Amino acid sequence: MLDNSQMMYQGIILIGFLAIMYFLLVRPQKKKEQEIENMRNSIKVGDEIVTIGGVMGRVIKLKDDSLVIQVGADKTKFEIKRWAISSVGKTEGSSSASRGEAEDTESKKAKPKRLGKKESVEEEKVEAAVETVKEETAQVAEAVKAPSVEEAVEEAVASEESL
């Protein structure tokens with residue numbers, strides 16, 4: 001049997017252990033969850049966000065528990081839930097310095113390709129190299145004179161008939 005001093009000692013150790021667990025595990029987790037919730041609730045139109053799936057976009061419309069973001073050079077819009085937001089970037093019109101940076105980044109963004117136009121000298125060189133390889137492949141095939149499938153079948157039928 002345990003006497004009162006031993007029971008009290010074990011009780012103090014148990015309470016101390018629980019207090020340590022609370023301050024090391026539970027409290028920091030709740031604090032982090034509260035910060036994330038505040039970040040998600042403080043989103044404004046124009047903010048740059050990253051979703052938990054890695055999609056980057058700009059907020060264009062806010063709703064109760066969701067928001068509409070604009071993504072990519074073709075300005076695709078889609079709706080996501082607030083809980084799917086991983087991080088929030090800078091606001092587009094927060095200061096004059098950030099406006100200048102936003103203009104710089106927009107001018108550096110990739111423009112959608114237009115059909116039928118050559119984008120650069122490198123693409124022209126690549127296309128020329130591809131054409132050269134196709135021509136050389138055709139020349140090698142002619143030099144080898146590989147039989148077509150029909151010719152191979154005819155030869156096989158002729159060899160069977162001769163047996």
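Select Asp65 first: this residue is partly exposed, with a relative accessible area of 45%. Here buried means under 20% relative accessible area, exposed over 50%, and partly exposed in between, with a 1.4 Å probe and protein chains only. The model is a predicted one, in which local features need pLDDT of at least 70 and side-chain atom pairs count only at pLDDT 80 or more, while totals for chains, interfaces and linings use all residues. Residues are numbered from 1 along each chain as its sequence is written, and side-chain values use heavy atoms, with hydrogens and water left out.

Lys81 and Asp65 form a salt bridge, their closest N and O atoms being 3.3 Å apart. Lys81 lies in strand E4 and Asp65 in the loop between E2 and E3, so this pair ties together parts that are 16 residues apart in sequence. Lys81 is partly exposed as well, at 38% relative accessible area. A salt bridge is a side-chain nitrogen of Lys or Arg within 4 Å of a carboxyl oxygen of Asp or Glu. Strands (E, at least two residues) and helices (H or I, at least four) are DSSP runs numbered from the N terminus.

How many salt bridges does a search of the whole structure find? There are three. For another, select Glu79 and Lys63, whose side chains meet at 3.4 Å, N to O. Glu79 belongs to strand E4 and Lys63 to the loop between E2 and E3, so parts 16 residues apart in sequence are tied together. Glu79 has a relative accessible area of 46% and Lys63 one of 35%.

Next, select Arg58 and Glu48, a salt bridge with its closest N and O atoms 2.4 Å apart. The pair links distant parts of the chain, with Arg58 in strand E2 and Glu48 in strand E1 (residues 47–51), 10 residues apart. Is Arg58 buried or exposed? Arg58 is buried, at 16% relative accessible area, whereas Glu48 is partly exposed at 27%.

Now select strand E3, residues 66–71, in which five of the six residues are buried. Strand E2 (residues 56–62) runs antiparallel to E3 and is joined to it by four bridges; strands pair if DSSP finds at least two bridges between them. Leu62 has Leu67 as its bridge partner in E3, and three residues separate the two strands of this hairpin. On E4 (residues 76–81), six bridges make an antiparallel pairing with E3, and Val68 has Glu79 as its bridge partner. The E3–E4 hairpin has four residues between its strands, and Gly72 in the turn has a positive phi of about 80°.

Within E3, select Ser66, which is buried at 3% relative accessible area. Its side chain joins that of Glu79 in a polar contact of 2.7 Å. A polar contact is a pair of N or O atoms within 3.5 Å; within protein, one must be able to donate a hydrogen and the other to accept it, and residues adjacent in sequence count only if both atoms are side-chain atoms.

Finally, select the largest nonpolar core, nine residues including Met39, Ile49, Leu67, Ile69 and Val71. Such a core is a set of buried Ala, Val, Leu, Ile, Met, Phe, Trp, Tyr and Cys residues joined through side-chain atoms within 4.5 Å. E3 gives the most to this core, with three residues.
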